[in-house]
Amino acid sequence: MGGQLTKDGKNPNLNNQTSRKVLQIYKGLYDKKITSQDGQDPMQLFLTNKEIFFPEGIWMNNQIKESDVKYGVTNAAQLSDDPDKMVNWSSSHQFVLLKQPKRDKAKTEATLKFLSWVRTNSLEWAKAGQNPATLAITKDKEYQKMQQSFLLTDKTEQESLKIFNYRYNGYLADYLDRYAYDSVFGKTSISSYLNKLQNTVQDEVDAQMTD
C-alpha cells in the first residue's frame with residue numbers, strides 16, 4: 001500500500017493510516033474465516049490439503065517437498081493487479097567485513113574471494129528454494145527448472161523483489177515475530193497495537209542511539 005517504515009532513516013513510521021488499513025484488511029479476512037484461525041497450524045492444514053495457499057518463505061520448502069502434497073510457487077498475495085505495484089519480500093543473511101584500524105591485506109583478499117565463491121556457487125542453496133544473489137544463475141539449466149526461478153528469469157518479477165533496508169528493521173521484525181497477529185485475532189485493538197508497536201520500536205532505536 002506504499003507505506004514507509006521510516007521517513008528520516010532513523011525514527012520508525014509505523015503508527016499511521018496506511019498501517020491501520022493493512023491491519024483492517026487482515027482482520028477482515030480473519031473475521032470472515034477466509035484465513036486460518038487462531039490456534040490452527042497453517043503448515044499442517046496445507047500438508048493435509050485443507051488450506052489452498054501457504055504464504056511462507058523458502059525456509060519451509062524442504063518440509064513441503066518431503067510431503068505428498070502437489071504444490072507450486074507463486075507471488076505473494078497482492079492488493080493490486082498492476083505488475084508495476086507487485087511486491088515480493090526478499091531477504092537473506094549478510095556477510096560483513098567490519099572496519100578495523102589495521103587489516104591484514106591477505107585476510108581482506110581471502111574474505112573477498114570467499115564472498116565471490118558463495119555468490120557464484122549457490123546452486124545447492126537454491127535447491128532449498130533460495131534465489132541466489134547473482135543473475136548468472138539464470139543461465140544454469142538446473143536452476144531454470146526450479147520452482148522459484150521465475151522470480152529471477154522474468155524482468156517484472158525481478159523488480160518485484162524488495163528488501164527492507166531500514167537500519168533498525170530488526171527491532172520491528174522482533175516485535176512482529178512475537179505479536180504480529182494480536183490485533184488480527186482480536187486480542188487488542190488496532191489502535192492500541194500500532195501505538196505499542198511504534199513506541200516499542202522507537203524506544204529500541206533511542207536506546208541504540210544512546211549507546
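Where is the place of N49? N49 lies in the loop between helix 2 and helix 3 (61–65); helices are DSSP runs of H or I with at least four residues, numbered from the N terminus.

The structure is a predicted model, in which local features need pLDDT of at least 70 and side-chain atom pairs count only at pLDDT 80 or more, while totals for chains, interfaces and linings use all residues. Residues are numbered from 1 along each chain as its sequence is written, and side-chain values use heavy atoms, with hydrogens and water left out.

**Two loop residues**

K33 is placed in the loop between helix 1 (17–31) and helix 2 (42–47). Both residues in the table have a positive phi although neither is glycine. Exposed means over 50% relative accessible area, buried under 20%, and partly exposed in between (1.4 Å probe, protein chains only).

| Residue | Phi | Relative accessible area |
|---|---|---|
| K33 | near 60° | 61%, exposed |
| N49 | near 60° | 65%, exposed |

**The nonpolar core**

A nonpolar core is a set of buried Ala, Val, Leu, Ile, Met, Phe, Trp, Tyr and Cys residues joined through side-chain atoms within 4.5 Å. The largest one here has 12 residues, among them L14, L23, Y166, L194 and V205. Helix 9 (169–179) and helix 10 (190–210) each contribute at least two residues to this core, and helix 10 gives the largest share, six residues. In soluble globular proteins, nonpolar side chains tend to be buried together.

Leaving aside residues up to four places away in sequence, L194 touches L14, N15, N16, S19, R20 and L23, where contact means heavy atoms within 4.5 Å.
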